[in-house]
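Q: Can we go through the pockets and helix packing here? Start with the handedness convention, please.

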Amino acid sequence: MKNVIIFGCPRAGKTTSAKRLNEELKFSIISIDSIVTAFERIFPEMNIKHGGDIIEKAKKFAPFLYEYIERAIWEYTDRNFVLEGWHNLPDYFMPLINQENYVVICLGYPNADEKDLFNKIRKNDTEHDNTVNVTDEHLKNLIHESKISSELLKEQCQKWEIPFFETDKNREQVLNKVVKYIKKAIYN
């Protein structure tokens, strides 16, 4: 059975999909956001943090993620995992991995209406979402940057032949398709 990697923009459904895989298949969840938060708090001099240029971040972070998951595969041969998060791009990560060992998908919203997405996020914010305590202006900027990054992510997914799911419309139905796709692909 293959391990799963879900890359995507903030609030695109990565964690939701990972939690469903955890519930249904007992896959362990590795949260890139949690790793980045630890680096940000403990090793600020490394300049690995939330926000900023996704390309620069991906260049720095891809080798670490690769080594981390390769060690996890070697050490925990009896457990599968889903790695989920944003701080990476296919151009920097895919050349490092043996693609036969993973199901890789990406989630984003390159065609989203920014005002509509803002309203959906605010309506569905929970205490565990990283957007719950940000100002409206900060969230609007995050959505704008994430939409641009979604376009880049989608382009790179096409280049690497990685499935890209747009989650700005019919989110629940799309996330159900995501999980269904992954469940089928992990056995191929």
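A: A crossing is left-handed if the near helix is turned anticlockwise from the far one by less than a right angle, and right-handed if clockwise. The model is predicted, so local features need pLDDT of at least 70, side-chain atom pairs count only at pLDDT 80 or more, and totals for chains, interfaces and linings use all residues. Residues are numbered from 1 along each chain as its sequence is written, and side-chain values use heavy atoms, with hydrogens and water left out.

Q: OK, which hand is the crossing of H1 and H7?
A: Right-handed. Helices (H or I, at least four residues) and strands (E, at least two) are DSSP runs, numbered from the N terminus.

Q: At what angle do the axes of H1 and H7 cross?
A: Roughly 50°, with the axes coming within 10 Å. Axes are lines fitted to C-alpha atoms, for helices over the stretch in contact, and angles run from 0 to 180 degrees between N-to-C directions. H1 and H7 are therefore oblique to each other (under 35 degrees is roughly parallel, over 145 roughly antiparallel, 65 to 115 roughly perpendicular, the rest oblique).

Q: Which residues make the contact?
A: From H1, they include Arg-20, Leu-21 and Glu-24; from H7, Leu-175, Val-179 and Ile-182 are among them. Contact means heavy atoms within 4.5 Å.

Q: And what about H5 and H6?
A: Their axes come within 10 Å and cross at roughly 125°. That makes H5 oblique to H6. The crossing of H5 with H6 is right-handed.

Q: How much space lies in the second largest pocket?
A: About 170 Å³. It has 13 lining residues, and Gln-99, Tyr-102, Val-103, Val-104 and Glu-161 are the closest to its centre.

Q: Which element gives the most to the lining of the second largest pocket?
A: S4, with three residues.

Notes. 1 Å grid on protein atoms, 1.4 Å probe; cavity = no way out; pocket = protein on both sides within 12 Å on 5 of 7 lines; lining within 4 Å. Points joined across faces, edges and corners; volume = space filled by probe spheres on them.
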